[in-house]
Amino acid sequence: MAHVYDLIIVGAGPAGIAASVYAARKKLDFLVLTGNIGGQVTWTADVENYVGFQFITGPDLVGKFEEHIQKYNVPVYEDELLDRIEKKDDTFILTTRKNVFSSRSVILATGKRSKELNVPGEQQFRNKGVAYCATCDGPLFYGKRVAVIGGGNSAMEAALQLLSIADKTYLLTVNNELYGDAILKEKIISAGRVNVITGAVVTSITGDSFVGSITYEKNTVQNSLPVDGVFVEIGLVPNTQYQSGLELNEIGEIKVNLRNETNIPGIFACGDVTDVPEKQIIIAAGEGAKAAIMAGKYLSAR
Amino acid sequence: MKKVTVYSTPMCGYCIRLKQFLDQKGVEYETIDISKDPSKLQELVKKSGQMGVPVTDIEGKIIVGFDKQEIVEALGI
């Protein structure tokens, strides 16, 4: 029989990191399984509202997170993606793509990821013209033609960033107008050089080795737009694709109560993957701390 | 010591994390910032067959993304 840990924490963004710090200080026998350390914070440019740091970049904050858990020698298994959780008697069996682990309790802090368009060509041209972060990958499109897909704040911000780099910038939204902050809309309009195409449903991404064009449908007409880059900025989805039997809300977030309990006793959840109102680094961290305290109480009551 | 080149952009989170990791391990490397020299993009594409960053060239071994394990193996550290 494999070793049964007290607790397994899945995810190492702010929620998982905070849970780890608390679990370590409670001297629980636990480990962390995660795709990477940092989660969404890694691609956050500037953080100016996490107390104790008047200004820090996302990657630097992740560095601080990592130092903090290293101090407690927290065992972190990176590149471990969760496939399913099963409960056998009082033990949870966590199967990842590579390993199987067992524990008496679980904290899920798996966060969110960029939503994909789900159109033909998107996977094939990922990193070959298709990108999900304008701040990161924008400079690779100097003098080229790019299309930003989405109509919210992140899409408008991406278009404004790309405007100074790319030769031609398009902004395509399925809605009949841009939504989001008025100030961004004004900037887009006054810049004049962002070609906004509303009511456009992207249907495919095509090219040879790299992106060459996208097709979209507008008013039942199929159109083709030659571009070298496609930036997908249509929001985020919770990482709850694993099998678990957990109760989710209508947008796939794990339902939790004030004590971070899910519908399955022994499984706790925290941070952006849950239905907690407001997604912020500091809120995720607070929720992670709370989840670890609750998991500790759950373990000592049994 | 092996020759290491990192292709990056200034605001790319994983580029920064990768360089932090190399600094921690005491590995010396050259950084190519594509935003400062767009002509280097061709070099990146030629080497890696794609255009995402970071890309690390460790004496001809090309690693796309911040893949700690592959980097450690390629460096033999």
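Start by selecting the interface: 24 residues of chain A touch 20 residues of chain B, where contact means heavy atoms within 4.5 Å. Before going on, note that this is a predicted model, in which local features need pLDDT of at least 70, side-chain atom pairs count only at pLDDT 80 or more, and totals for chains, interfaces and linings use all residues. Residues are numbered from 1 along each chain as its sequence is written, chains are lettered from A and ligands numbered from 1 in the order in which they are written, and side-chain values use heavy atoms, with hydrogens and water left out.

**Stop 1: the A–B interface**

Stay with both chains on screen. Together they bury about 1,900 Å², 60% of it on carbon and sulfur atoms; buried area here is the accessible area (1.4 Å probe) that two parts lose on being put together, summed over both. Now pick A:Asn127, A:Leu140 and A:Phe210: this trio supplies 27% of the area that chain A buries against chain B, more than any other three residues.

Next, look for charge pairs. Between chain A and chain B there are 3 salt bridges, each a side-chain nitrogen of Lys or Arg within 4 Å of a carboxyl oxygen of Asp or Glu. For one of them, show the side chains of A:Glu78 and B:Lys68, which meet at 2.5 Å, N to O.

Helix 2 of chain A gives the most, with 5 residues.

**Stop 2: the second largest pocket**

Centre the view on A:Gly150, A:Gly151, A:Tyr179, A:Glu233 and A:Ile234, which of the 21 lining residues are the closest to the centre of the second largest pocket. A pocket, on a 1 Å grid over the protein atoms alone, is an open set of points where a 1.4 Å probe fits, with protein on both sides within 12 Å along at least five of seven lines; lining residues have an atom within 4 Å of a point. The largest share, 3 residues, comes from helix 4.

**Stop 3**

Over all chains the structure holds 20 salt bridges. Select A:Lys112 and A:Glu253 to see a salt bridge at 2.7 Å, N to O. A:Lys112 is in strand 9 (residues 112–114), and A:Glu253 is in the loop between strand 18 (236–238) and strand 19 (267–269), 141 residues apart.

**Stop 4: two backbone details**

While you have that loop between strand 18 and strand 19 of chain A in view, find A:Asn260 there. A:Asn260 has a positive phi of about 60° although it is not a glycine.

Finally, jump to chain B and zoom in on B:Val53 and B:Pro54, joined by a cis peptide bond with omega about 0°. B:Pro54 sits in the loop between helix 2 (40–48) and strand 3 (55–58) of chain B.

Key:
Helices (H or I, at least four residues) and strands (E, at least two) are DSSP runs, numbered from the N terminus.
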